[in-house]
Amino acid sequence: MHPQHLQHSSLASLMLDRTVDFSWEQLGYHVKVDDGNGESSMKPLLCNVTGTARGGRVLAIMGPSGAGKTTLMNGIIGRLQVDAEHRLDGCAFLNDTVFSNRYKKLVSYVAQDDIVMGKETPAEALYFSARVRLGLSVEEAQERTEDILTRLRLQKCRDTYLGIPGLIKGVSGGEKKRVNIGNELITNPYVLLLDEPTTGLDSVNALRVGELLRDLAHEEKRTVLCTIHSPSSELFALFDDLLLFAKGHVVYHGPTSDAPDYFASVGYPVPPRTNPSEYFMNLLQLPREELQKLWDAWEAYLASPAAANNLSVLPMGETITTRSELLEKHLADKQGASMLIETVELTKRSMRLFLRDPGSTIGRAVQTIFFAVLVGLFFFGLDKDAQGVQDRAGALFMVMMNNMFMAAMSGLASFPPERAVFLMEQGAEAYSAWAYSAAKSIAELPFQIIFPTIFTCIAYFMMGFVETASAFFAFWIIVVLLANTGYSFGLMCASVFPTAEAAFAAVPLVFMPLSIVAGLFANTDRLDPYWIWLNYLSFPRFAYTALFTNEFGKIGEICGAGNPCPYPSGDFVIRLYGFEDDSWERSAWVLALFTIGFKVIGAFSLWVQGRAKAGNLRFEGRLASRQASPQNRGASPRQADYLPTPATEQEAAPAESKPDEKVATPANQPEASQEEGTHEPIEENEEKAF
Ligand SMILES: Nc1ncnc2c1ncn2[C@@H]1O[C@H](COP(=O)(O)OP(=O)(O)O)[C@@H](O)[C@H]1O
Ligand SMILES: [Mg+2]
């Protein structure tokens with residue numbers, strides 16, 4: 001580490017003191033495919049991939065489209081689907097410690113697509129991450145945000161929207177990529193994986209991202225892995241190590257500078273005046289038979305003495321631990337935020353995005369006023385006679401349908417635009433899905449009170465319902481509760497269904513039958529006995545009976561003396577409709593329970609989806625079945641920690657701190673008899689990069 005780096009970077013706090021090697025061993029991934037004749041077979045997407053991304057260096061995984069680069073990355077961080085039709089084999093390690101869920105936070109992943117909230121700014125996005133993912137105090141989070149903004153040269157665009165291509169104008173592609181890298185960097189990870197970070201960027205921006213990655217590795221001692229698709233020669237020159245990949249097999253893995261020699265030794269010398277990266281890319285697209293030769297050559301190389309000098313492919317050491325002091329120490333600074341901070345920050349973000357998107361709020365306001373006036377005009381000045389009874393029953397039904405639908409639609413529309421961001425953040429385990437659901441409800445609550453209130457104030461008096469304070473406030477409470485039930489129902493559908501279209505189709509499908517049994521169209525007795533259960537599921541029914549019993553329970557006498565009419569009193573009407581067992585208070589409680597139920601189901605569904613997205617590292621369980629392979633036997637053990645050493649010092653870096661727990665596995669047992677002293681010391685020129 002050069003002292004000047006510490007001086008001119010304000011990120012001294014974000015430096016690592018040790019580098020960590022990230023290794024994978026005999027990684028295989030097979031998926032079941034149908035061969036067209038009704039027979040299925042397991043198609044390999046990754047074949048026995050073994051290698052190491054060395055600490056403090058940039059490893060570029062290069063290969064044509066469809067080579068399996070993304071699959072490899074997702075495989076080593078546990079984000080591949082694993083079930084009866086998808087099989088993942090192999091192990092991954094951080095130094096000599098198995099990479100388990102416990103250490104997941106030490107490894108960050110930047111996906112290929114830049115998924116962002118379009119109307120957030122880089123400064124807000126980074127601050128949010130610092131608060132939520134690290135639980136930093138407000139001042140610390142601000143400081144960390146400024147650090148990252150400066151470090152990634154984002155100060156210029158700190159307050160510009162991130163944008164969504166084609167929809168919201170925002171920062172440039174390169175800036176957006178750097179924000180996403182910053183978002184991961186904020187947690188100070190040991191290992192940073194990036195899937196095609198330069199794809200879609202022009203050569204200048206691509207080079208900038210490349211230089212950033214190099215600095216992250218060389219200056220901050222991180223382990224950087226990125227997949228890359230046809231880099232320019234300047235970009236190519238920034239990579240310390242190279243992993244060439246074709247159809248799921250390794251073709252070369254080692255220092256970039258050694259690649260030409262290796263290919264010359266297997267009969268594919270880089271022609272003069274040719275850009276090596278282009279030549280390698282061409283090699284990787286050779287037909288399968290040619291590739292087979294390259295794959296065989298690589299296997300032969302691994303078994304040869306030459307491989308012992310290639311630090312990228314050294315087999316794992318004898319002892320594999322499940323805990324490491326070094327990693328534990330680093331993990332201690334990464335306790336995430338409390339549920340409270342998460343909820344507060346998520347609520348703030350939701351509110352912020354609401355305010356920046358006034359369109360939907362204005363739309364809802366216009367809708368509310370329009371329908372209130374429309375219903376009000378249609379049922380203007382209801383009479384207190386036989387005709388009035390029918391009109392009142394119809395008016396109350398319209399009030400119920402209107403408020404329920406409007407609220408459900410806004411609930412439906414509120415999640416799909418955030419789904420991608422939510423899932424990405426769940427993948428990074430940024431916050432709990434429960435906090436997200438709670439925040440969404442809190443942020444939306446004011447609107448679900450204001451709009452029904454506006455509706456009630458306009459419609460109630462236009463229609464001329466019972467003019468007592470108790471009747472009015474009960475009506476208002478019911479409409480507010482109903483709006484919240486409707487909103488929660490819409491949000492639940494939006495969370496449960498995988499697409500917005502399905503959710504939008506489902507809501508009317510459910511609402512219609514439930515509304516038919518609300519009690520206006522058919523007397524409750526019609527439903528006995530086979531359909532009676534619908535009564536209990538129909539929350540529109542509870543809303544309607546609440547409105548109905550409130551109005552008719554308080555209306556008193558309907559037809560005065562000497563005015564013969566079939567409805568003597570409100571209570572008579574309630575009995576006539578079959579609502580005599582209902583009361584508005586009880587129905588209101590039931591609506592509240594429905595609201596809570598829908599919220600819990602929606603939150604649970606988000607939690608399940610979030611869990612699936614976060615993946616599950618099962619490497620620990622596979623330790624016992626690690627297979628002894630030729631590469632695992634007889635070779636030198638790997639150095640646990642490659643501390644960059646000045647060029648003058650030739651001794652190896654100090655070994656890693658004492659592991660707490662050791663696990664003997666079949667793979668390392670054959671080596672147990674070997675003595676430490678017989679292993680070759682590491683004399684590679686690993687300081688080259690510095
Ligand atoms: N779950 C899966 N089932 C079947 N095929 C898959 C699955 N995932 C990826 N593939 C296939 O595996 C190959 C490698 O995909 P990928 O890793 O995305 O390639 P790259 O990132 O190198 O372009 C592709 O041909 C892709 O179609
Ligand atoms: Mg890919």
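Predicted model: local features only at pLDDT ≥ 70, side-chain atom pairs only at ≥ 80, totals over all residues.
Local features need pLDDT of at least 70 and side-chain atom pairs count only at pLDDT 80 or more, while totals for chains, interfaces and linings use all residues. Residues are numbered from 1 along each chain as its sequence is written, with chains lettered from A and ligands numbered from 1 in the order in which they are written.

The sheet is open and mixed, with six strands in the order β6-β7-β8-β3-β9-β10; strands are DSSP runs of E, at least two residues, and helices are runs of H or I, at least four, numbered from the N terminus. Strands pair if DSSP finds at least two bridges between them. β6 (107-110) and β10 (249-255) each have a single partner strand, so one side of each lacks a neighbour in the sheet. Inside the sheet, β3 (residues 58-62) and β9 (residues 241-246) run parallel, joined by four bridges, and Ile61 has Leu243 as its bridge partner in β9.

Around ligand 1 sit residues including Gly63, Lys69, Thr70 and Gln81 (C-beta atom, placed from the backbone, within 6 Å). Helix α2 (residues 69-76) supplies the largest share of this shell, three residues.

Further along, α20 (residues 539-555) packs with α22 (residues 584-614) at about 155 degrees, axes 8 Å apart; axes are lines fitted to C-alpha atoms over the stretch in contact, and angles run from 0 to 180 degrees between N-to-C directions. The two helices are therefore roughly antiparallel (over 145 degrees).

Notes: Parallel < 35°, antiparallel > 145°, perpendicular 65-115°, else oblique.
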